[in-house]
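Hello,

The structure you asked about is below. My notes on it follow.

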Amino acid sequence: MKNPIKMIAVGTLSALLLSGCNFGTKNAIEQPAINYLEPDKRLEILKKQDIPFTNYFPFTGLGAYGDVNQRPFAVMVNNHPSARPQSGLYKADLVYEILAEGSITRFLAVYQSELPDVVGPIRSARDYYIYLSKGLEAIYVAYGGSPEAFDLLQHKEIIDYIGGIVRKGYADDQFFYRSDSRKAPHNVYTTKENLIKGAEKRNFSLTQDVEPLSFLSEEEMVNIDGQQAEEVQITYSKSYETSFVYDEDAKNYVRYVNGTKSMDRETKTPISVENILIIEAPHRVVDSAGRRDIDFVGGGKGYLIHMGILQEIEWKNKDGRIIPFDYSGQEARLVPGKTWINVIPTKPGLEKSVSYK
């Protein structure tokens with residue numbers, strides 16, 4: 001077991017972390033761009049030939065042959081028990097799990113390196129998810145919304161948006177469909193083709209120079225210090241217990257919900273991530289429906305977990321992104337791969353909501 005350390009750090013809010021690292025691309029050859037509509041089928045062949053990557057995806061730090069300037073989509077995904085298993089979560093570069101109302105959590109799934117064939121069920125917007133999406137300069141996708149969210153989406157025009165059931169203004173129902181296998185409101189889905197069509201109809205740019213997160217090198221990943229964390233559980237309520245179990249061989253964490261492995265509805269692919277970021281933030285109930293206001297401005301305590309190790313961090317809001325900082329005040333870097341971000345209320349806080357062993 002590695003020696004536990006205390007980390008004082010300073011962190012951030014909306015998306016994740018820092019500026020991406022560059023691994024060597026010496027003698028790299030130019031290849032056609034990978035994009036989320038037509039992934040480069042030669043990726044594995046080129047990797048096996050030891051051809052250096054020409055680029056790295058900004059939210060995962062994983063290598064690519066060609067351009068990596070696809071614009072992110074940030075999609076609201078339902079997490080009600082009736083909406084499980086979900087579609088497309090396993091392909092998200094980043095996933096935020098946050099309380100929506102009462103004890104119900106909802107996901108903001110961020111896709112940049114690729115889009116799933118199907119994503120959903122799609123659910124309604126909240127203002128704090130909108131701000132997180134804005135911090136990533138993503139196209140925000142939701143179906144319906146709270147009064148605060150509608151106000152932002154319709155009157156302040158702060159973000160590019162594709163959505164249905166808009167009270168005043170446009171609705172893009174043509175880019176969503178309802179599945180006959182589930183009951184409303186847990187049956188709204190979309191596809192990667194419809195997301196692209198929706199963006200094109202609204203004249204949203206589909207390319208963008210995305211500011212990268214910061215990642216550890218292979219040498220640095222060997223020397224991560226902290227407390228051993230082979231299994232981590234985040235408890236929101238009885239029906240909303242998120243667990244991650246470390247896979248030593250794959251060097252990632254497999255996600256479970258209430259003891260059941262999270263798998264994609266269509267492909268049965270398990271959801272696994274390389275990084276888990278758990279932060280606490282002040283929550284305040286604002287209406288009789290149990291909707292919340294969440295303070296993502298002030299920063300606070302958190303845990304960063306990867307490679308079987310948990311580190312204590314602090315987070316800050318850096319240009320609309322949630323960024324962790326280590327004990328020295330430096331931005332804490334991620335292991336290349338996917339990241340899951342759990343946000344919990346300051347009360348009861350990390351100690352009572354999170355357990356690990």
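Which residue forms a salt bridge with Lys 91? The partner is Glu 114, with the closest N and O atoms 3.6 Å apart; a salt bridge here is a side-chain nitrogen of Lys or Arg within 4 Å of a carboxyl oxygen of Asp or Glu.

This is a predicted model: local features need pLDDT of at least 70, side-chain atom pairs count only at pLDDT 80 or more, and totals for chains, interfaces and linings use all residues. Residues are numbered from 1 along each chain as its sequence is written, and side-chain values use heavy atoms, with hydrogens and water left out.

Lys 91 is in the loop between strand 3 and strand 4 (94–101), and Glu 114 is in the loop between strand 5 (104–111) and strand 6, so the pair ties together parts 23 residues apart in sequence. Helices (H or I, at least four residues) and strands (E, at least two) are DSSP runs, numbered from the N terminus. Lys 91 is buried at 19% relative accessibility, while Glu 114 is partly exposed at 25%. Buried means under 20% relative accessible area, exposed over 50%, and partly exposed in between (1.4 Å probe, protein chains only).

The whole structure has 13 salt bridges. Another one joins Asp 160 to Arg 71, at 2.9 Å between the closest N and O atoms. Asp 160 lies between helix 3 (147–156) and strand 8 (161–164), and Arg 71 between strand 2 (63–64) and strand 3 (73–77), both in loops, so this pair links parts 89 residues apart in sequence. Arg 71 is buried at 8%; Asp 160 is partly exposed at 26%.

Regards
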